[in-house]
Every structure is written in C-alpha cells, then in structure tokens.
Amino acid sequence: MKILAANWKMYLGAAEALQLAGAYRRLAETEPRIEFIVAPSTPWLVPVKDEWRARPKNLFLAAQSGRAEASGAYTGDTSIAQYRGVVDYCLVGHSERRRYHHEQGRIIQDQLAAVFAAGLRPIYCFGEQTGRAVRNVATELIAPLDVEIRDLTTAQLASLVFAYEPAWAIGSGKEAAADYVDTMVRAVRTHLAKRYEVPQATVLYGGSVNDDNSRDLTALPTLDGFLVGGASLHIKSMATIAKGFHTRYS
Ligand code: PGA
C-alpha cells in the first residue's frame, strides 16, 4: 500500500484544520488503496480525531513531535507518552526540529524508543542537513542514520516508516531529482537489509513534493510514498498526487 503523509506544520486555525480534516476523510474514502497519515498542529489533534469518528481504515493521525521523557517539568512541551490513545504515528527527527530545537543523535534515539513504548509508530525523518546534495553516502547519510536507529530491534525497524528528507529540499520549492532520490534510497535500503536484516523497509520521500512535480517521483519503485508539507494544506494537490499512485499501481 502506498503512503501519503501530510505534515501541516504550524499552519491552520481550528476551523480551517477541521475543514481540511473532513476533506482528507473524504479523500481517503475515495482512495482506499492509499494510506493517508495526517499530522496537524498539536491543539487540533483531538478535534481532528473527533471529526474522524467514523474514519475509513486507511486514514491515520500523527503527532509532529514529542518529548522522550514520559512526564516532567517541561512547560509547553508534550510527551510522546501523552499521545497514547490519540494518535497512531509520531514524526521523529524532522529537519525543522533538528534545526530549531537541536534534536539529533541521542535525543532522537530516546524519542524513537518512547514512540514504541507508547505503542505508536514512528515516522523517522533523516537525510542530509546540509545545503547541498550528498557526496559521500556512507559518511553523510548512513553514519548519522546508524547512530539514531542503532538501539532498535529488527521488528521495530520493520514497522518504522523512514522518510528521506534532504533539508535543502524542504520548503524550498526545489524537490530532489528522481534519480538522485532513487540512488539515496537504494543505498539506505541495501544498508538496512545487510546490517539490520530489514529487507523491506518502508521508505518515503519528502521535500517540496507537489502535484506538479510528483510524477517522476511517483514512478520510482524504491519509494513507498511521500511526506508532503506545504502542498498537504491543499486537498486538490493531495488528490492529484494520490491519483498518480492510483493510476500507476492499480
Ligand atoms: P515541504 O515539507 O513539502 O513543504 O517541503 C516537507 C516536510 O516538512 O516534511
């Protein structure tokens, strides 16, 4: 099943979020062969969940981030444990969290462990954080990934959703070229199979995906889908991206 994950970031007020959530529910109903995962801002998680009371089986809710500590004196933060019973997934390691909140390495390891401890599934975002494309895959892409996932079991890695997101492509309007994404994701897949015995990892691409440029990327058999930011605020764009998968794989 292909996956279309939507990261609404820090956009939308309550009324807009609920309206868009309703539109996603209807889209998921018309595209039953695609799994939709929607990550609204934290205040709208419960209202969106309520709006989806009768949600189709292929529609899921995600948190955008969370603290690894289960509870504590962390004013303004939400722990991953507090999402239990509310969401299905939690994003971990998004490049905007890495950039603005310095989340990396040990912090990500702990967040991944906390997501599994809460009975949720992580969408683990990784990829070069530099402003340029990877030159050395082993040191720039694989080595930091290894540090962050090394405590996970084979079963956990198999249920984790990987999202390859080069920082330079996120929110920049410059999506990575399909052959570049293909090369990076193949390298990661080969590594996950060899080192962790996970031959069929779930891997998405994210970074300026929209309805105009998704066609080439949709054609890549190495990808299981997309993590979409800006364009995910427009249901028409998501419907067009979804249709691309539909016509290609059904
Ligand atoms: P973008 O964001 O599609 O706006 O580049 C992607 C993401 O934040 O995951």
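Predicted model: local features only at pLDDT ≥ 70, side-chain atom pairs only at ≥ 80, totals over all residues.
User: OK. What classes make up the lining of the largest pocket?
Analyst: That lining has 21 polar residues, 13 nonpolar and 12 charged.

User: How many residues line the largest pocket, and which lie nearest its centre?
Analyst: There are 46 lining residues. Gln64, His94, Glu96, Arg97 and His101 lie nearest the centre.

User: Which elements give two or more residues to that lining?
Analyst: Helix H3 (95-101), helix H4 (106-117) and strand S8 (225-228) do. H3 gives the largest share, with 7 residues.

User: What volume does the largest pocket have?
Analyst: About 1200 Å³.

User: Switching to the ligand. Where is its space?
Analyst: The ligand takes up the space of the largest pocket.

User: Which residues come nearest the ligand?
Analyst: His94, Glu165, Gly171, Ser208 and Gly230 come nearest, out of 13 around it.

User: And the classes in that shell?
Analyst: The shell around the ligand has 7 polar, 4 nonpolar and 2 charged residues.

User: What does the side chain of His94 do there?
Analyst: An N or O atom of the His94 side chain is 2.6 Å from an oxygen atom of the ligand.

User: Which backbone atoms lie by a ligand oxygen?
Analyst: Ser208 has a backbone N or O atom 2.7 Å from an oxygen atom of the ligand. For Gly229, a backbone N or O atom lies 2.8 Å from a ligand oxygen.

User: How much of the ligand does the protein bury?
Analyst: The protein buries 96% of the 280 Å² that the ligand exposes when taken alone.

Conventions
Residues numbered from 1 in each chain as written. Heavy atoms only, no water. Near = heavy atom within 4 Å. Polar contact = N/O pair within 3.5 Å; in protein donor to acceptor, adjacent residues only side chain to side chain. Areas by Shrake-Rupley, 256 points an atom, 1.4 Å probe, with all protein chains shown as cover. 1 Å grid on protein atoms, 1.4 Å probe; cavity = no way out; pocket = protein on both sides within 12 Å on 5 of 7 lines; lining within 4 Å. Sits in = over half its atoms within 2 Å of the grid points. Nonpolar A, V, L, I, M, F, W, Y, C, P; charged D, E, K, R; others polar. Points joined across faces, edges and corners; volume = space filled by probe spheres on them. Helix = DSSP H or I, 4+ residues; strand = E, 2+ residues; numbered from the N terminus.
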